[in-house]
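Hi,

Here is the structure I promised to pass on to you. Have a look at it first, and then read my notes below.

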Amino acid sequence: MYIVAIAWGFVVILMAAAEATSTQGTVLGAFFTLLLYGALPLSIVLYVMGTPARKRARQQAEAAQQAASPPTKNTQDALPPDNG
């Protein structure tokens with residue numbers, strides 16, 4: 001997963017460098033190239049691809065919390081039945 005992100009970041013950095021050093025380009029254009037072609041899409045893709053790992057971690061934390069907490073006794077089960 002991270003190799004694709006690293007490769008895309010490399011490509012975007014080269015695009016921004018080409019924009020900044022071009023006779024027709026500007027540093028501001030290079031900044032927006034870096035931001036709009038690199039940081040924004042990459043953050044969205046990494047967030048979406050990390051969803052299963054976050055879900056697994058949340059389920060493991062809930063299971064550990066449930067295993068650590070003592071079982072609660074239901075007070076209605078402890079009362080004697082009504083013979084009325």
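A word on burial before the notes: a residue is buried under 20% relative accessible area, exposed over 50%, and partly exposed in between, using a 1.4 Å probe and protein chains only. On that scale, 11% of the protein's 84 residues are buried.

Please keep in mind that this is a predicted model, in which local features need pLDDT of at least 70 and side-chain atom pairs count only at pLDDT 80 or more, while totals for chains, interfaces and linings use all residues. Residues are numbered from 1 along each chain as its sequence is written, and side-chain values use heavy atoms, with hydrogens and water left out.

Now the fold. There are four helices and zero strands, taking helices (H or I, at least four residues) and strands (E, at least two) as DSSP runs numbered from the N terminus. Along the sequence the pattern reads α-α-α-α.

How do α1 and α2 pack? Helix α1 covers residues 2–21, and its axis lies 7 Å from that of α2 at an angle of about 170°. The axes here are lines fitted to C-alpha atoms, for helices over the stretch in contact, and the angles run from 0 to 180 degrees between N-to-C directions. The two helices, α1 and α2, are therefore roughly antiparallel; the classes are roughly parallel under 35 degrees, roughly antiparallel over 145, roughly perpendicular from 65 to 115, and oblique for the rest. Counting contact as heavy atoms within 4.5 Å, the α1 side of this pairing includes Trp8, Val12, Met15 and Glu19, which meet a set in α2 that includes Thr33, Tyr37, Gly38 and Leu42.

Thr33 belongs to helix α2, which spans residues 27–49, and counts as buried because its relative accessibility is 12%. Beyond its neighbours within four places in sequence, Thr33 contacts Val12, Met15, Ala16, Glu19 and Gly38. Thr33 and Val12 are 21 residues apart in sequence, yet their C-alpha atoms are 7.4 Å apart. With residues up to four places away in sequence set aside, Met15 touches Thr33 and Tyr37.

Next comes α3, residues 51–68, whose axis comes within 4 Å of that of α2 and crosses it at roughly 40°. That makes α2 oblique to α3. Tyr47, Val48 and Met49 of α2 make the contact with Thr51, Pro52 and Arg54 of α3. The charged end of Arg54 also sits over the ring of Tyr47, 4.1 Å from its centre (the rule asks for NZ of Lys or CZ of Arg within 6 Å of the ring centre and within 35 degrees of the ring normal).

Which residues form an aromatic pair? Phe31 and Phe32 do, edge-to-face, at 5.5 Å centre to centre and 70° between the planes. Rings of Phe, Tyr and Trp (its six-membered ring) pair if their centres lie within 6.5 Å, with planes under 30 degrees apart called stacked, over 60 edge-to-face and the rest tilted. Phe31 is partly exposed at 48% relative accessibility, and Phe32 is partly exposed at 40%.

Best wishes
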